[in-house]
Amino acid sequence: MRHLLSINDLSMTEAIEILDTATELSRLSEGAVKKFPTLRGRTVVNLFFEDSTRTRISFEAAAKRLSADVINFSAKGSSLSKGESLKDTALTLQAMGADAVVIRHGASGAPHQLARQQWMTGSVINAGDGTHEHPTQALLDAFTIRRHLAQGSGDLQGLRIGIVGDVLHSRVARSNVLLLQKLGAKVVLIAPPTLLPVGVEEWGAEVSYSLDSEIDNVNAIMMLRVQRERMDDLYFPSEREYSRNFGLNLERINAMKSDAIVMHPGPMNRGLEISADGADSPRSVIVEQVANGVSVRMAVLYLLLSGSKPELSSTLEVGV
Amino acid sequence: MSVVLNAGEIARALKRISHEILEKNHGSSEVLLLGIPTRGAFLSARIAREINEIENTSIPVGTLDITMYRDDLRMRPPRTLLPTEIPSCGIDDKHVVLIDDVFYSGRTIRAALDALNEIGRPRSVQLAVLIDRGHRELPIRADFVGKNIPTSKEESVRVHLSEIDNEDAVTIEGRGKE
């Protein structure tokens, strides 16, 4: 494994290896060891073309706990906002000796471009590209589900997970459907028809238009943020109606199975897809998801970066 | 392939090591065993059983994975992490006995010392190994040795333990003539 671009790149064994490694790292970080010397001298660049708080901070914390050097490169206030191409940015990062580039980009496929073009030798980690994928989020969600519902090991066989809301604009949903199914869980997507992408039936997940009919039949419910910044059109009549039909409130949480958990990738729109008391309920593992994110990203960085480093292919013209 | 230790000999070596640990530390108080996974962890559990029987006590025993501290991480594909379990009493001010199956270059133990450094400050660190095969690359020695086996670098020494290998035996493979 050299890059992490899509959940599709992972075999089930590799996915479980990441989760197992994260389990071990999180146990160590909770107890004895706060920092490992493992990636000393390696450089991780956070290349963020889109705003992000928790993903960037999470990757930064993960890299620092492994003793890597971290460079944050965000589009605002850098040459990226002056119109530098992705290629020139990549060549710059290569010249600076980046061992890994964590990239978030508004265009789906940008991380693939960066990895495939061989502009640089480092590993590329997709931290969210457009409406395509966000693999580390899916890994941390699977990690959280496994910890609560599968005694922290193995796969997710026999579990049924509901993913609710703005599936259309959600890279989190797509990565989660791929990963959860790979790990043996069943997924049901719950959303108004307008917020489901074309071709969703090919994802292999069940589809439902009613939250109330599924709420008592899932082991975990994952609420998606309504991505108003990506909505170029009217997708539902009003926020009140959306909230009434697809919002998670205390009443719905009480209808869930007794050990079912409530998840949200954040940032939340309190009062829209999840009510304030729902977000703060004892069933909610939303804050824990953030902590798990650091462990999972440490596992990904460790598995991608600790091995031997490949050479730049000789056919490549760099540093002209 | 030749067998250099059979099940009975392994059991006797571990029993002797257990006595030696008690002798050196004047009993088992303040002693803590840390096995290095995979096989060192099984050996430490066996030595703990012996010590508990001799002293009628319950000695703290744990495991210490050294993968994150290896100096050859960049030379190989990434390795899977193995469990680290530090007993709840911690390692501060204890006599920590590291336990591994085969003692070779000494690099594993160097990594273990680095790992211990992150966890606390033991009063002393000692090393028990089932097999010492020589070829040290670092100035590190063992305090308790099951058996010294002179080897050439081309040979490989394998410790089989019934917990995972269905039998107790130590074998040497790749020896020129048998």
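In the predicted model, F59(A) is buried, with 29 other C-beta atoms within 10 Å. A residue counts as buried if 20 or more other C-beta atoms lie within this distance of its own. F59(A) is part of helix α2 of chain A, which covers residues 54-65. Leaving out residues up to four places away in sequence, F59(A) touches N46(A), V102(A), A127(A) and R297(A). The chain also brings F59(A) and V300(A) together in space: 241 residues separate them in sequence, whereas their C-alpha atoms are 9.9 Å apart.

Chain A is divided into domain 1 (7-133 + 292-305) and domain 2 (135-291). Between the C-alpha centres of these two domains of chain A the distance is 25 Å. Their contact takes 24 residues from domain 1 of chain A and 25 residues from domain 2 of chain A. On the side of domain 1 of chain A that touches domain 2 of chain A, the elements giving two or more residues are α1 (12-30), β4 (123-129) and α11 of chain A. The largest share of this side, seven residues, comes from α1(A). By class, the side of domain 1 of chain A that touches domain 2 of chain A consists of 11 nonpolar, nine polar and four charged residues.

In soluble globular proteins, nonpolar side chains tend to be buried together. The largest nonpolar core in the model has 140 residues, and I163(A), I221(A) and L301(A) are those with the most contacts inside it. Helix α11 of chain A, residues 286-305, gives the most to this core, with 11 residues. Both domain 1 (7-133 + 292-305) and domain 2 (135-291) of chain A supply at least three residues each to this core. For L301(A), the contacts beyond its neighbours within four places in sequence are L39(A), V44(A), A62(A), A63(A), L66(A), A68(A) and A100(A).

Chain B meets chain A through 16 residues, which are in contact with 16 residues of chain A. The side of chain B that touches chain A is made up of 10 nonpolar, two polar and four charged residues.

Within chain B, helix α1 (residues 7-24) has 18 residues and reaches 26 Å from its first C-alpha to its last, close to the 26 Å expected at 1.5 Å a residue. The buried residues in α1(B) are I10(B), L14(B), I17(B), S18(B) and I21(B). These residues lie on the same side of α1(B), because they cover an arc of only 105° around the axis. An α-helix has 3.6 residues a turn, so residues three or four places apart point the same way. The exposed residues G8(B), R12(B) and E23(B) are carried on the face of α1(B) turned away from its buried side.

Several backbone features were also noted. Most residues other than glycine have a negative phi, and most peptide bonds are trans. After α1(B) comes H26(B), with a positive phi near 55°. E30(B), in the loop between α1 and β2 of chain B, has a positive phi of about 70° although it is not a glycine. With 16 other C-beta atoms within 10 Å, E30(B) is partly exposed. A further positive phi, near 65°, belongs to D93(B), a residue other than glycine. D93(B) is placed in the loop between β3 and β4 of chain B, and D93(B) counts as exposed, with 12 C-beta neighbours inside 10 Å.

P77(B) also lies in the loop between β3 (61-63) and β4 (95-103) of chain B. P77(B) counts as exposed, with 10 C-beta neighbours inside 10 Å.

In chain A, the bond from G266(A) to P267(A) is cis, with omega near -10°, and P267(A) lies in the loop between β9 (261-263) and α10 (276-279) of chain A. In chain B, the bond from P37(B) to T38(B) is cis, with omega near 5°; T38(B) is located in the loop between β2 (31-35) and α2 (39-55) of chain B.

Note on methods:
Residues numbered from 1 in each chain as written. Chains lettered and ligands numbered in written order. Predicted model: local features only at pLDDT ≥ 70, side-chain atom pairs only at ≥ 80, totals over all residues. Contact = placed C-beta atoms within 7 Å. Nonpolar A, V, L, I, M, F, W, Y, C, P; charged D, E, K, R; others polar. Helix = DSSP H or I, 4+ residues; strand = E, 2+ residues; numbered from the N terminus. Expected span 1.5 Å × (residues − 1). Arc of directions from axis to C-beta. Core = buried A, V, L, I, M, F, W, Y, C linked by C-beta atoms within 7 Å. Domains from an automatic or database assignment.
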